[in-house]
Amino acid sequence: MCVRPAIAQSTTISPAPAGNESTIEIKLADLNDDNPLINYRKAVIELAMRASGKSYTLTGCQITEASTSDRRFVQLIQAGQYCNLMATSAGGELTRGLETIPFPIYLGGGGIRVLLAHRKSLEAATTLRSLNDLRKFRIGSGSGWVDTSIMQANGLTVVQSSYMNLFEMLKAQRFDFYNRSVFEAVGELENYDPQHQLAIVPDLILYYPSDLFFYTTPGRDDIRDALLDGLRKIQRNGALAELIQNHRSTRNARVALKSGKVRVLALTNERLTPIEREALETYKLDWFR
């Protein structure tokens, strides 16, 4: 979890409601068309809401704060006035007071992780064949992140710091690898490693049951029911898989994972709530085929 800068606002408006049907107002935390990962969340919502047949508007949270953390977004969503929806990793303590929309928006892909390494450490990474091998190394991860607690529970040595500081620590070789989402790593190297000191460990994946879910304001059954209905429909008709196949934040990852050379190190995840675990088992994509 990291503090984010002020964000650009974007608005989507669906057709006017028929009869007495009211328009569902969705106010999404972090809405920013310039960020491919956030743009993906927006695209999923738009697909799902159109499939639900409900009239809706989609805007960013109407807040004036210069920077906003996940904790602050949760507080705003609990109140429901300025924000009423966010997407974040399953299993987090912060979201326990919010209403879970039980559908993994990457169809399980959020649990696919890659390791960033200093280029001087890439040779050592070729020895990784099992979780026991990985336990000999130090992994960088954010303070308070769900991923941090998952790795610790699996016996890995984790070095914790803030999101941005971890990139500089890896360049200084303060730890061996930095655990990142398969969807995040390429863009992060482009943005935060202009001197190309770092690289993705090739042909190696960490996997644990996890994903991003939408969480909404308690009592907003209209948002929960419409989004869940639409998400189920776009999963059944293949529209969500098509989005994953073609969206700029996911298409390259899907291609890379189809390589027969990929080594997959599986971790357990006991942080999931029963509703999150059931959703992950119900709605999934075979990312390696």
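1. In this predicted model, helix 1 and helix 9 cross in a right-handed sense. The residues that make the contact are Tyr40, Ala43, Val44 and Leu47 on the side of helix 1, and Ala239, Leu240, Leu243 and Ile244 on the side of helix 9. Sorted by class, this contact between helix 1 and helix 9 consists of eight nonpolar residues, with no polar and no charged ones.

2. As for the geometry of that pair, helix 1 covers residues 36-52 and helix 9 covers residues 239-246, and they pack at an angle of about 155° with their axes 11 Å apart. Because angles over 145 degrees count as roughly antiparallel, helix 1 is described as roughly antiparallel to helix 9.

3. The structure holds one disulfide, which joins Cys61 to Cys83 with an S to S distance of 1.9 Å. Cys61 sits in the loop between strand 4 (56-60) and strand 5 (67-68), while Cys83 sits in the loop between helix 2 (70-79) and strand 6 (85-89), so the bond ties together parts that are 22 residues apart in sequence. Both Cys61 and Cys83 are buried.

4. Two backbone positions deserve a look, given that most residues other than glycine have a negative phi. Asp30, which is not a glycine, has a positive phi of about 75°; Asp30 lies in the loop between strand 3 (24-28) and helix 1, and counts as buried at 7% relative accessibility.

5. His196, also a residue other than glycine, has a positive phi near 55°. His196 is placed in the loop between helix 7 (185-192) and strand 12 (198-200), and with 55% relative accessibility His196 counts as exposed.

Conventions:
Residues numbered from 1 in each chain as written. Predicted model: local features only at pLDDT ≥ 70, side-chain atom pairs only at ≥ 80, totals over all residues. Heavy atoms only, no water. Disulfide = S-S within 2.5 Å. Helix = DSSP H or I, 4+ residues; strand = E, 2+ residues; numbered from the N terminus. Buried < 20%, exposed > 50% of the residue type's maximum accessible area, 1.4 Å probe, protein only. Axes fitted to C-alpha atoms, helices over the stretch in contact; angles between N-to-C directions. Parallel < 35°, antiparallel > 145°, perpendicular 65-115°, else oblique. Left-handed = near helix turned anticlockwise from the far one by under 90°. Contact = heavy atoms within 4.5 Å. Nonpolar A, V, L, I, M, F, W, Y, C, P; charged D, E, K, R; others polar.
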